[in-house]
Amino acid sequence: MTSIDQLSSCINQTVTLKGWVYRLRQSKGLVFIELRDGSGICQSVIAESDVSTQDWSEAQSLKQESSVELTGLCVADERSEGGVELQVKEVNVLQVAEGYPITPKEHGTEFLMDHRHLWLRSKRQWAIMRIRHSIIYAIHSYFHKEGFIHMDAPIFTGNPAEGTTTLFETEYFDEKAYLTQSGQLYGEAMAMAHGKIYTFGPTFRAEKSKTRRHLTEFWMIEPEMAFYDLELTMSLAEGLIQSVISDVLETRKEELSILGRSLDTLQATATQPFHRMSYSEAVDSLKSSAMSEQLDSMMDARHDEKAQLRSEDDQLKQEVGSAKKWRKVQIEQRRKEILERLAQVDEDIRNIPVWKDSAANFQWGNDFGGSDETLLTMNQDRPTIVHRYPAAVKAFYMKRDPQDDTLALALDVLAPEGYGEIVGGSQREESYDVLIERIHSHDLDEKSFQWYLDLRRFGSVPHSGFGLGLERTVSWICGLSHLREAIPFPRLMGRLTP
Ligand code: 4AD
Ligand code: MG
């Protein structure tokens, strides 16, 4: 058995491929199959004159997503994907699929989400999952290279780490337990044993809002480092993200191109230092007249684009009636793209005035909302690190800025192109007395934090860390419009199956 990604080294050899019928087209005496085997797609041609009568009749029974074994000659063919074509000599059908629910035509998001178990086979989802894999691999290899130890933090916990409003509560024999919101507190303990550690695990938050940025179950990578201050931590976040992007650009060109992802911002991110600004500078930028002018010109650009898309669509609509079959397919594809883009443009046109208003009236002291982050990053070509947030909107464990007690030594990394926060982190409070006071002022149960307070009693040191959201990172790198496509089986409010 040969896999499709190896075919370029099998020219003029007889090979056997095992896979699924991705697309199928029949004409007199010929069956054209795009066969996919997980590693790629191969154009395969079955000619009636080349195969036995038995195989020919089997070939004609094939339907989309039927499983099949094809043996044939691998020939070079510049016109087909991957540069090769299989001239089939033997057909062995494993199972003839029933009418496949996901067809090349347009499907709504909810329909696709209901069929996520099958949707994963489509080319776009295939590309995303391979990029996700490479991101995960790049993260592990970066930390390994930097001397970090990987740790698994518990999933059942008695400690709320990130506020009490998004906890999933569960029964734990006679006790109450929560699904973890973050492995950080355990990471801090492990960092005092190993110096530099990172967690990589599932985390859970009962997010009651439906946004493109929130899942209820997501994967987080949380490095924690003894003796690191805020500065060193910002540099680590930058180094990690740059290294991940470089690896993806190197190994996943084909997948990025399937997604139509433009590479400019990814290349800039990999090679140039990130922007850095304090929270107060970010607030000034939101309230600036430059921001409001930017939004005005964005609004004009969206109206222009809308008019252009509409007129292109009108032209295509007229052409389609008399078009040849192959051209019809092209037109339908393009009209689908236009429709998707129009929906996005209309959403922007609705949003821009709201954003403009909320940016102009932003109050120092508030946390940034999704739209504020969109505005701060929409015209950036690489990430922005925002540091020193008002302590009042941040978690209990964050250390205050010695220069200004109202500020926390916190950092967020905001991804460019409007994506917003992908990393949140901080220097940690290392003083026992201050920390216990914070636990009280945040109405947390002191008893369940005894073990965490111990870390401040036995050799407490300055230390810092952050959390990188995996799906947010995947979503930005792939250029997705919603987190639901960034994870195999997304968990969202109102969605537990499949
Ligand atoms: O900013 P957050 O809440 O920080 C923490 O949890 C810290 N304990 C991390 C640390 O310092 N060790 O979350 C970190 C990141 C966010 O920047 C975001 O990328 C992601 O986790 N995230 C989510 N991703 C998807 N869905 C959600 N509901 C998310 N909430 C946070
Ligand atoms: Mg955050």
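Student: Which classes of residue make up the lining of the largest cavity?

Tutor: This is a predicted model, and in it the lining of the largest cavity comprises five nonpolar, four polar and four charged residues.

Student: What volume does that cavity have?

Tutor: The volume of the largest cavity comes to about 80 Å³, and a search of the whole structure finds three cavities of 30 Å³ or more.

Student: Which lining residues are closest to the centre of the largest cavity?

Tutor: Of the 13 residues in the lining, Arg213, Tyr419, Arg472, Ser475 and Leu483 are the closest to the centre.

Student: And which strand and helix each supply at least two residues of that lining?

Tutor: Those are strand S16 (420–427) and helix H15 (470–478).

Student: Changing topic, is threonine 166 buried or exposed?

Tutor: Threonine 166 has a relative accessible area of 14%, and because the cut-off for buried is under 20%, threonine 166 counts as buried. As for its place in the chain, threonine 166 sits in the loop between strand S7 (156–157) and strand S8 (169–172).

Student: What does threonine 166 touch there?

Tutor: Leaving aside residues up to four places away in sequence, threonine 166 touches Gln181, Phe204, Arg205, Ala206 and Glu207. With glutamine 181, the side chain of threonine 166 also makes a side-chain to side-chain polar contact of 3.0 Å.

Student: Last one, how is the chain divided into domains?

Tutor: The domain assignment gives domain 1 (4–95), domain 2 (113–275 + 362–485) and domain 3 (292–352), and the C-alpha centres of domain 1 and domain 3 are 36 Å apart.

Conventions: Residues are numbered from 1 along each chain as its sequence is written. Chains are lettered from A and ligands numbered from 1 in the order in which they are written. This is a predicted model: local features need pLDDT of at least 70, side-chain atom pairs count only at pLDDT 80 or more; totals for chains, interfaces and linings use all residues. Side-chain values use heavy atoms; hydrogens and water are left out. Helices (H or I, at least four residues) and strands (E, at least two) are DSSP runs, numbered from the N terminus. Buried means under 20% relative accessible area, exposed over 50%, partly exposed in between (1.4 Å probe, protein chains only). A polar contact is a pair of N or O atoms within 3.5 Å; within protein, one must be able to donate a hydrogen and the other to accept it, and residues adjacent in sequence count only if both atoms are side-chain atoms. Contact means heavy atoms within 4.5 Å. On a 1 Å grid over the protein atoms alone, a cavity is a set of points where a 1.4 Å probe fits but cannot get out, and a pocket is an open set with protein on both sides within 12 Å along at least five of seven lines; lining residues have an atom within 4 Å of a point. Grid points are joined across faces, edges and corners, and a volume is the space filled by probe spheres set on the points. Ala, Val, Leu, Ile, Met, Phe, Trp, Tyr, Cys and Pro count as nonpolar, Asp, Glu, Lys and Arg as charged, and the others, Gly among them, as polar. Domain bounds come from an automatic or database domain assignment.
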